[in-house]
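Keep your viewer open as you read.

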Amino acid sequence: MSKTSESTHTPLLILGAGPAGLAAALYAARADLEPIVLTGPALGGQVSITYIVENYPGFPEGVEGPDLVKRFQEQAEKFGAQLVLDTAVAVDFQQRPFRVQTTKTAYTADAVIVATGATAKQLEIPGEDEFIGTGVSYCATCDGHFFKGMDIMVVGGGDSALEEALFLTRYANTVTIVHRRDQLRAGRLLQKRARNHPKIRFLLETVVTEILGDDIVEAVRLQHLPSGEIREHPTAGVFIFIGYHPNTDLFEGQLALDERGYIVTDK
């Protein structure tokens, strides 16, 4: 790896340090490619805020997300991967070597692996942005302990929503799952666990239209879709798990993206 006054050159630059980025770093490091990994603002991606990972091979009892990320990191660094806490802000893939500008410096690379992952989607309703950190959350493992003995709400009906709802029962008095459809999208095992849990309740065919409160969340405004009925529902917290948006805005005009913003790949 060589360094100039303008930029640092590396044979391989990896954007993202979730499981995909760290797996790529491990393979590249073992091939003596001396990869540099730009982690973004946090190491580990979505798995780092997952309480228990039960579907990863080699861990029959499950493994906590942060512990799994630590193992990934240690293994990649053991073979020579260099992890840098920095974020790419612009790329130029139209010339070689490729150029990547970060918040702190610039890199050139013979090859770039894009593993930038995704971020949680928002409801985009009144009160959501105002109460982030004071009752609105997208991470149960980060914020669940703040709601001990309280009645809280989870919005969503997929695997993530039910996994996080089950985790939140450790702290909350009750967890109400709100889902816009008449059926959940989560896997059968998760649905069975959630439906059998005494602390979990369900409001189906219902959407949250507004989050209410003064300094902290105190209630939400709900609409029952079949009837149109609108009512207020008291809650101390709203945990939102309605899907993810790919972190690919950086690559518009540089890589082919589909209608949802995901990078188009070949076989």
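Strand 11 and strand 12 run side by side in the parallel sense, joined over five bridges. Two strands are taken to pair here if DSSP finds at least two bridges between them. The strands themselves (E, at least two residues) and the helices (H or I, at least four residues) are DSSP runs, numbered from the N terminus. Within this pair, V155 has V178 of strand 12 as its bridge partner.

Before going further, a word on the ground rules. This is a predicted model, in which local features need pLDDT of at least 70 and side-chain atom pairs count only at pLDDT 80 or more, while totals for chains, interfaces and linings use all residues. Residues are numbered from 1 along each chain as its sequence is written, and side-chain values use heavy atoms, with hydrogens and water left out.

Is T174 buried or exposed? At 8% relative accessibility T174 counts as buried, since buried means under 20% relative accessible area, exposed over 50% and partly exposed in between (1.4 Å probe, protein chains only). Leaving aside residues up to four places away in sequence, T174 touches M150, D151, I152, K199 and R201, where contact means heavy atoms within 4.5 Å. T174 and R201 are 27 residues apart in sequence, yet their C-alpha atoms are 7.5 Å apart in space.

In soluble globular proteins, nonpolar side chains tend to be buried together. A nonpolar core is defined here as a set of buried Ala, Val, Leu, Ile, Met, Phe, Trp, Tyr and Cys residues joined through side-chain atoms within 4.5 Å. The largest such core has 20 residues, and I152, V154, L162, L168, V175, I200 and F239 have the most contacts inside it. Strand 11 (151-155), helix 4 (159-168), strand 12 (174-179) and helix 5 (188-196) each give two or more residues to this core. Helix 4 provides the largest share, six residues. L162 touches G157, I177, L184, A186, L190, Q191 and A194, not counting residues up to four places away in sequence. Another core, of 19 residues, lies apart from this one and has A24, A28, V47 and V53 among its members.

Finally, two hairpins. Strand 15 (residues 217-224) and strand 16 (residues 230-234) pair in the antiparallel sense over five bridges. V220 stands opposite H233 in strand 16. These two strands form a hairpin with five residues between them, and G228 in the turn has a positive phi of about 80°. Strand 6 (residues 88-92) and strand 7 (residues 98-102) also run antiparallel, joined by four bridges. There, D92 has R99 of strand 7 as its bridge partner. Strand 6 and strand 7 form a hairpin with five residues between them.
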